[in-house]
Amino acid sequence: MRLLGSAVSLPTANLRHWWDVSNASSFTFGVGTKVAQWNDLIGGKHFVQATEAAQPARTGTQNGRSTLVFGGDPVHMTAGALADWKFLHNGDEYTIMAAVKFGTVANPEAIYGLMGTTSGNSALVGVEVRYDDRVAAGNNMLLHQVSCGSVGFYAVSYQPANVCTAGAWHVLFVGADPDNATASSRTALRVDGGAALASNAASTAVSTANPAAVLHLGSVAGPSLYMVGEVAELLIYTGILSDAVRDQVEVYLAAKWAITVA
């Protein structure tokens, strides 16, 4: 296991969007520590929330750095225009990496949306990444799902169980190729530098239409499935990162946020 004590450089080649809570200058505050805007340091797609009651707060800490706290309904943020997020479902390859904590207690028996441009409705078009701790569904699951506007069918729908622990910090990796001819190669999930989880069986063709909604953070679209937990850093790369670059990003996030990775 790796728990790294010194900072390392973030690989920035093909980095498309980057939100970093530790960068104090990237925030516009509402009242007190409530966040009205969180700036994208690379792509200019800033997360915003005008309603004070729905604003997250920059009040958490991890490894001496600030984190963004999401306290459930109605807290969430949104970014960009519909067309800005088409690449997340239309067949383009991309990588999402994040330092995140789902929930504040063990076994919350809840679903928490990290991000999404749809709500899981197969009749709509978009993407979602969420955590599901319901016993009936399988416990401690991480979902990556791409809906394509076809009722009952998905381009990607993969949700391995027992991969995340509620109330603990994790480094997440989603490597997406939603129109790969081989269904199991359409998504690969990794948690804390572990082995790739790649058993997606969904194989419906992707949609090239705009998503149902702009990108939501702290919920999926709707908004719904509001997150309880904290976000420290979120990155989206163009293309699927090579193993070597993925390892560098994992080391960067692990060192910066004091997260143990394999």
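Reader: Is D84 buried, partly exposed or exposed, and at what relative accessibility?

Author: D84 counts as partly exposed, because its relative accessibility is 23%. Buried means under 20% relative accessible area, exposed over 50%, and partly exposed in between, with a 1.4 Å probe and protein chains only. This is a predicted model, in which local features need pLDDT of at least 70 and side-chain atom pairs count only at pLDDT 80 or more, while totals for chains, interfaces and linings use all residues. Residues are numbered from 1 along each chain as its sequence is written, and side-chain values use heavy atoms, with hydrogens and water left out.

Reader: Which side chain meets D84 in a salt bridge?

Author: That of K45, with 3.4 Å from N to O. A salt bridge here is a side-chain nitrogen of Lys or Arg within 4 Å of a carboxyl oxygen of Asp or Glu. K45 lies in the loop between β3 (35–38) and β4 (47–48) and D84 in the loop between β7 (77–79) and β8, so the pair ties together parts that are 39 residues apart in sequence. Strands (E, at least two residues) and helices (H or I, at least four) are DSSP runs, numbered from the N terminus.

Reader: And K45, what does it count as?

Author: K45 counts as partly exposed, at 24% relative accessibility.

Reader: How many salt bridges does the structure hold?

Author: There are 9. One of them joins K101 and E230, with the closest N and O atoms 3.1 Å apart. That pair links distant parts of the chain, since K101 is in strand β8 and E230 is in strand β16, 129 residues apart.

Reader: Are K101 and E230 buried or exposed?

Author: K101 counts as buried at 15% relative accessibility. E230 is buried too, with a relative accessible area of 11%.

Reader: Which strands is β8 joined to?

Author: Strand β13 (residues 169–176) is joined to β8 by 8 bridges, and the two run antiparallel. Strand β16 (residues 228–238) is joined to β8 by 9 bridges, also antiparallel. Two strands pair if DSSP finds at least two bridges between them. I96 has V174 as its bridge partner in β13, while K101 stands opposite E230 in β16.

Reader: Changing topic. Which residues touch the most other members of the largest nonpolar core?

Author: W38, F47 and L114, in a core of 46 residues. Strand β8 gives the most to this core, with 5 residues. A nonpolar core is a set of buried Ala, Val, Leu, Ile, Met, Phe, Trp, Tyr and Cys residues joined through side-chain atoms within 4.5 Å. A second, separate core of 19 residues includes A99, A232, L253 and V261.

Reader: What does F47 touch?

Author: Leaving out residues up to four places away in sequence, the contacts of F47 (heavy atoms within 4.5 Å) include W19, W38, M77, L215 and L234.
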